[in-house]
Amino acid sequence: MLTINPKMLPRLDEIEDDLHTRRMRAAHEGWLGEVEGLDLTFLRQKREQTQRLTRIAPVNLGMPGVRPGEPS
């Protein structure tokens, strides 16, 4: 599964702007295959997933150790 580093969120915005501009040009020029191929759904889902993951605080599970009474 591809995960995006939260530091790259501004870059995703730039990529979306560029793809939106390319889609507009493709529609204007009548390049129907290009319009269909430049789908922004995946990019937007990855941005939302990354934003959601940045709001979740990491959980400290502590340091594992040997249980009392078990051989080490």
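Modeller: Let's begin with a term: a residue is partly exposed when its relative accessible area falls between the limits for buried, under 20%, and exposed, over 50%. Please keep in mind that this is a predicted model.

Colleague: Thanks! Why is Met 8 called partly exposed?

Modeller: Met 8 has a relative accessible area of 41%. Buried would need under 20% and exposed over 50%, so a value in between is called partly exposed. You will find Met 8 in the segment before H1. From Met 8 to Phe 42 there are 34 residues in sequence and 15 Å in space, C-alpha to C-alpha.

Colleague: Now to the helices. What makes H1 and H3 roughly antiparallel?

Modeller: The axes of H1 (residues 9-29) and H3 cross at roughly 160° and come within 11 Å. Angles over 145 degrees count as roughly antiparallel, and H1 and H3 are therefore described that way. The crossing of H1 past H3 is left-handed.

Colleague: Which residues of H1 and H3 meet there?

Modeller: From H1 come Leu 9, Leu 12, Asp 13, Ile 15 and Glu 16, and from H3 come Leu 43, Arg 44, Arg 47, Thr 50 and Gln 51. Sorted by class, this contact of H1 with H3 holds four nonpolar, two polar and four charged residues.

Colleague: Arg 47 is on that list. Why is Arg 47 called buried?

Modeller: The relative accessible area of Arg 47 is 12%. Arg 47 sits in helix H3, which spans residues 41-55. Setting aside residues up to four places away in sequence, Arg 47 touches Leu 9, Leu 12, Asp 13 and Glu 16.

Colleague: How do you know that the side chains of Arg 47 and Asp 13 are joined by a polar contact?

Modeller: The distance for this pair of side chains is 3.0 Å. A polar contact needs N or O atoms within 3.5 Å, one able to donate a hydrogen and the other to accept it. The pair of Arg 47 and Asp 13 therefore counts as a polar contact.

Colleague: And what makes Thr 50 buried?

Modeller: Thr 50, also found in helix H3, has a relative accessible area of 2%. That is under 20%, so Thr 50 is called buried. Apart from neighbours within four places in sequence, Thr 50 is in contact with Ile 4, Asn 5, Pro 6 and Leu 9. A polar atom of the Thr 50 side chain also lies 2.8 Å from the backbone oxygen of Lys 46.

Terms used:
Residues numbered from 1 in each chain as written. Predicted model: local features only at pLDDT ≥ 70, side-chain atom pairs only at ≥ 80, totals over all residues. Heavy atoms only, no water. Helix = DSSP H or I, 4+ residues; strand = E, 2+ residues; numbered from the N terminus. Buried < 20%, exposed > 50% of the residue type's maximum accessible area, 1.4 Å probe, protein only. Contact = heavy atoms within 4.5 Å. Axes fitted to C-alpha atoms, helices over the stretch in contact; angles between N-to-C directions. Parallel < 35°, antiparallel > 145°, perpendicular 65-115°, else oblique. Left-handed = near helix turned anticlockwise from the far one by under 90°. Nonpolar A, V, L, I, M, F, W, Y, C, P; charged D, E, K, R; others polar.
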